[in-house]
Amino acid sequence: MTLGEARVGSTVVVERIDGDGAYKRRIMDMGITKGTSLYIRKVAPLGDPVEITVRGYELSVRKNDAECVLVR
């Protein structure tokens with residue numbers, strides 16, 4: 001499943017990040033790396049953006065970026 005499909009209130013673990021080098025690097029620079037736990041805090045009414053807690057801080061991720069992060 002992708003980060004964009006995860007339910008609010010759930011905790012997921014990053015399996016893989018899809019995308020080209022620069023795009024993947026930008027997501028990884030936000031702290032979203034393989035093996036990291038992500039807590040899904042909120043999703044905006046229209047589904048964009050997704051607010052997550054990663055490494056102790058809150059982060060808002062656009063829906064198209066969230067679709068590139070595969071989680072379990």
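Colleague: In which strand does Glu51 lie?

Modeller: Glu51 belongs to strand β3, which covers residues 50-54. Strands are DSSP runs of E with at least two residues, helices are runs of H or I with at least four, and both are numbered from the N terminus. The model is predicted, so local features need pLDDT of at least 70 and side-chain atom pairs count only at pLDDT 80 or more, while totals for chains, interfaces and linings use all residues. Residues are numbered from 1 along each chain as its sequence is written, and side-chain values use heavy atoms, with hydrogens and water left out.

Colleague: What does Glu51 touch, not counting residues up to four places away in sequence?

Modeller: Contact requires heavy atoms within 4.5 Å. With that sequence exclusion, Glu51 touches Tyr39, Ile40, Arg41, Lys42, Glu58, Leu59 and Ser60. Moreover, the C-alpha atoms of Glu51 and Val61 are 6.3 Å apart, although ten residues separate the two along the chain.

Colleague: In what order do the five strands form the open sheet?

Modeller: The order is β4-β3-β2-β1-β5, with antiparallel pairing. β4 (57-61) and β5 (69-71) each have a single partner strand, so they stand at the edges and one side of each lacks a neighbour in the sheet. On average, neighbouring strands are turned by 45 degrees against each other, direction ignored. The axes behind that angle are lines fitted to C-alpha atoms, for helices over the stretch in contact; angles in general run from 0 to 180 degrees between N-to-C directions.

Colleague: What joins strand β1 to β5, and what joins β1 to β2?

Modeller: Three bridges link β1 (residues 11-17) to the antiparallel β5, where Val71 is the bridge partner of Val14. Three bridges also join β1 to β2, again antiparallel, and here Val12 stands opposite Leu38.

Colleague: Why is Thr2 called buried?

Modeller: Buried means under 20% relative accessible area, exposed means over 50%, and partly exposed lies in between (1.4 Å probe, protein chains only). The value for Thr2 is 12%, and so Thr2 is buried. Thr2 lies in the segment before β1. Beyond four places in sequence, Thr2 touches Ala66, Glu67, Val69, Leu70 and Val71.

Colleague: What makes Asp29 and Arg25 a salt bridge?

Modeller: The rule asks for a side-chain nitrogen of Lys or Arg within 4 Å of a carboxyl oxygen of Asp or Glu. The closest N and O atoms of Asp29 and Arg25 are 3.5 Å apart, so the pair qualifies. Both residues lie in helix α1 (residues 21-29), four residues apart, which is about one helical turn. Asp29 is exposed at 55%, whereas Arg25 is partly exposed at 48%. By this rule the count comes to seven salt bridges.

Colleague: Which parts does the salt bridge of Arg41 and Glu58 tie together?

Modeller: The closest N and O atoms of Arg41 and Glu58 are 3.9 Å apart. Arg41 is in strand β2 (residues 37-43) and Glu58 in strand β4, so the bridge ties together parts 17 residues apart in sequence. Arg41, at 31%, and Glu58, at 46%, both count as partly exposed.

Colleague: Is Asp65 buried or exposed?

Modeller: Asp65 is buried, with a relative accessible area of 3%. Its side chain meets that of Arg62 in a salt bridge of 3.4 Å, N to O, and Arg62 is partly exposed at 45%. Salt bridges with shared partners join Arg26, Arg62 and Asp65 into one network.

Colleague: Which residues touch the most other members of the largest nonpolar core?

Modeller: A nonpolar core is a set of buried Ala, Val, Leu, Ile, Met, Phe, Trp, Tyr and Cys residues joined through side-chain atoms within 4.5 Å. The largest has 19 residues, of which Leu3, Ile32, Leu38 and Ile52 touch the most other members. β1, β2, β3, β4 and β5 each supply at least two residues of this core. Leaving aside neighbours within four places in sequence, the contacts of Leu38 include Leu3, Ile32 and Ile52.

Definitions and conventions. Pairing = 2+ DSSP bridges.
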